[in-house]
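Here is a short briefing on one protein chain.

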Amino acid sequence: MKKLIRPAALLLILTLLAGALSGCRLGEQKRLRERAKAHLTRLENHKDVSDTFTLSEEKVKYSDRSASVPFQASSKTYGESFTVWVSRQDDTVTDDYYGLYLRDEAEKKTGAVLKEALGEGTPETRASFMKIGSPVLSLHAAGSLEELLKISGETLKMNNVMEIRLKLAGGANPDEAAVDKALIALREKGYYCRFYPYVSEAVWFEILPDGFWKNVQSGADNGAYLNRTEYTPAAGN
């Protein structure tokens, strides 16, 4: 005859299991945090890095299926944070610090290209980068914007790591001719990226080695619907 577990006993067992799992999770997170700190020390010791990093003390949330755990680290030099990913499957630890130390360079170089292409006025350029946890981009692997784009394009097969936003005086939108000139100028310099020329970010362009794509995000499906079509600048005909 099967013995039935009383509700009180079952509750005790479940409580003990939850406590054990919580202890395991805390122990794992402590080990992962130490690996993240060690990675930041390596980054600080890089010959081209003049910065100090602080790992966030906030508890990291992740699921049992997470292959890697993201930790936030703050930069004293830039006054902003970036991400350190610690793998739970192997010894890999990666970062996206490139998004901070290459941003000013990206804004200056792409801004100069756009100013020359558009001629009138001085367009304000804002640059940012996609957050990618890859060993080939970590630990200050890219010494320049061009090197980052080369690594991401040739090794990762990603040509839209950089994002450029164009802002004209008074919040105006450039006309189609200006957008076409900007697209061609950026591509000629090898600055492959996502290009946002308008105040609204519902329309943007992909500048790739083999051409251009226009993306339009409509209101369908609560804004999730995206129409992506190949684009040919009129100035390029």
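**A loop with positive phi**

L139 is found in the loop between strand 5 (124-129) and helix 4 (145-154). Helices (H or I, at least four residues) and strands (E, at least two) are DSSP runs, numbered from the N terminus. This is a predicted model: local features need pLDDT of at least 70, side-chain atom pairs count only at pLDDT 80 or more, and totals for chains, interfaces and linings use all residues. Residues are numbered from 1 along each chain as its sequence is written, and side-chain values use heavy atoms, with hydrogens and water left out.

- Phi of L139 is near 55°, a positive value in a residue other than glycine.
- H140 lies in the loop between strand 5 and helix 4. Phi of H140 is likewise positive, near 55°, and H140 is not glycine.
- Most residues other than glycine have a negative phi.

**The second largest pocket**

- L139 also belongs to a pocket lining: R35, A38, H39, R42, D91, V93, T94, P135, S138 and L139 line the second largest pocket.
- A pocket is found on a 1 Å grid over the protein atoms alone; it is an open set of points where a 1.4 Å probe fits, with protein on both sides within 12 Å along at least five of seven lines, and lining residues have an atom within 4 Å of a point.
- The second largest pocket holds about 160 Å³ of space. Grid points are joined across faces, edges and corners, and a volume is the space filled by probe spheres set on the points.
- Helix 1 (7-44) and strand 4 (93-95) each supply at least two residues of this lining. Helix 1 gives the most, with 4 residues.
- By class, the lining has 4 nonpolar, 3 polar and 3 charged residues. Ala, Val, Leu, Ile, Met, Phe, Trp, Tyr, Cys and Pro count as nonpolar, Asp, Glu, Lys and Arg as charged, and the others, Gly among them, as polar.

- Two strands pair if DSSP finds at least two bridges between them. Strand 1 and strand 2 (residues 68-75) pair in the antiparallel sense over 3 bridges. T54 stands opposite S74 in strand 2.

- Strand 8 (residues 203-208) and strand 9 (residues 211-217) pair in the antiparallel sense over 6 bridges. They form a hairpin with 2 residues between them.
- Across this pair, V203 stands opposite V216, and the bridge partner of W204 is N215.
- Strand 9 also runs antiparallel to strand 10 (residues 226-231), joined by 6 bridges. Here K214 has T229 as its bridge partner.

**Helix 3 and helix 5**

- The axes of helix 3 (residues 103-118) and helix 5 (residues 176-188) come within 9 Å and cross at roughly 135°.
- That makes helix 3 oblique to helix 5. Angles under 35 degrees count as roughly parallel, over 145 as roughly antiparallel, 65 to 115 as roughly perpendicular and the rest as oblique.
- Axes are lines fitted to C-alpha atoms, for helices over the stretch in contact, and angles run from 0 to 180 degrees between N-to-C directions.
- The crossing of helix 3 and helix 5 is right-handed: the near helix is turned clockwise from the far one by less than a right angle.
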